[in-house]
Amino acid sequence: GAAVSVGGGGQAALNTASIGRPFSNEAFVTVGAQEIVSYTVQAGQNGAPNSCQPEFGTAGLTFGARVSRIDDNGFVTFSMSPEISAVVATDVRVEGCGLVNTLTTRRLDTGEVRVRDGQTLILTGVISDYDQAVVRKWPVLGDIPFVGQFFRDSTTSRLKRELVIMVSPRIIRDDDGGSYGYGYQAATTDARQFVSGASAPSPY
């Protein structure tokens, strides 16, 4: 199976009134705020003003997962698409509509991975590294060679963020619910005998 589409599929899920996912073996969760990231502008006709249709993006965490198969030997095959986004700027203006936000996005698509029941898979590498240097100085005096260092103040800051995801698949067993799981019980005596493999009693 293909990886879950977090970007397009995620936004589509937020804009529809349906409940649940189209496939029973996949899940999707979104935690965050909806921010305006762009406008679709349509020109007005006959002197009418332009119409602005906002387009939204999620500032927060979106996470999609799909289970492809569970093997008899206790391995689970699945794929995931985690994504984290945040607003970094709100200074872009669309004339006649308003301000739009610029989002920074970190995303990871795993493809299919195969992990044994109960073991932990650690996904990392979605790293944001931000360096900033700010120099404050007195006008003119701060530019004088050798002496200028006494009229300057410099500050350096570094921000490093790492998104670490730990996944431990657990196969839920139904050992007490019958041979076929989930408490399955055949409705008739003949069906119960067929399921259990016992031979039907002889009518003679």
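**A charge, a ring and a disulfide**

Modeller: Start with a charge and a ring. This is a predicted model, and in it the charged end of Arg114 sits over the ring of Phe75, 4.0 Å from the ring's centre. Ring-to-ring pairs are another matter: a search of the whole structure finds zero aromatic pairs.

Now the disulfide. A disulfide is a covalent bond between the sulfur atoms of two cysteines. The structure holds one. It joins Cys52 to Cys97, with 1.9 Å from S to S. Where do Cys52 and Cys97 lie? Cys52 is in strand S2, which covers residues 51-70. Cys97 is in the loop between strand S3 (75-94) and strand S4 (98-107). The pair therefore ties together parts that are 45 residues apart in sequence.

Look at the bond itself. The torsion about the S-S bond of Cys52 and Cys97 is about -75 degrees, so this disulfide is left-handed.

Cys52 has a relative accessible area of 27%, so Cys52 is partly exposed.

Step back to the whole protein. Its secondary structure comes to two helices and seven strands. Along the sequence they follow the pattern α-β-β-β-β-β-β-β-α. Of the 204 residues, 21% count as buried. The protein exposes about 14,600 Å², and carbon and sulfur atoms supply 54% of that area. Finally, take contacts between residues at least 6 apart in sequence: 57% of them join residues at least 24 apart.

Definitions and conventions. Residues are numbered from 1 along each chain as its sequence is written. This is a predicted model: local features need pLDDT of at least 70, side-chain atom pairs count only at pLDDT 80 or more; totals for chains, interfaces and linings use all residues. Side-chain values use heavy atoms; hydrogens and water are left out. Rings of Phe, Tyr and Trp (its six-membered ring) pair if their centres lie within 6.5 Å; planes under 30 degrees apart count as stacked, over 60 as edge-to-face and the rest as tilted. A charge sits over a ring if NZ of Lys or CZ of Arg is within 6 Å of the ring centre and within 35 degrees of the ring normal. A disulfide is a pair of cysteine sulfur atoms within 2.5 Å. Helices (H or I, at least four residues) and strands (E, at least two) are DSSP runs, numbered from the N terminus. Buried means under 20% relative accessible area, exposed over 50%, partly exposed in between (1.4 Å probe, protein chains only). Contact means heavy atoms within 4.5 Å. Accessible areas come from the Shrake-Rupley method with a 1.4 Å probe; for residues, only the protein chains shown count as cover.
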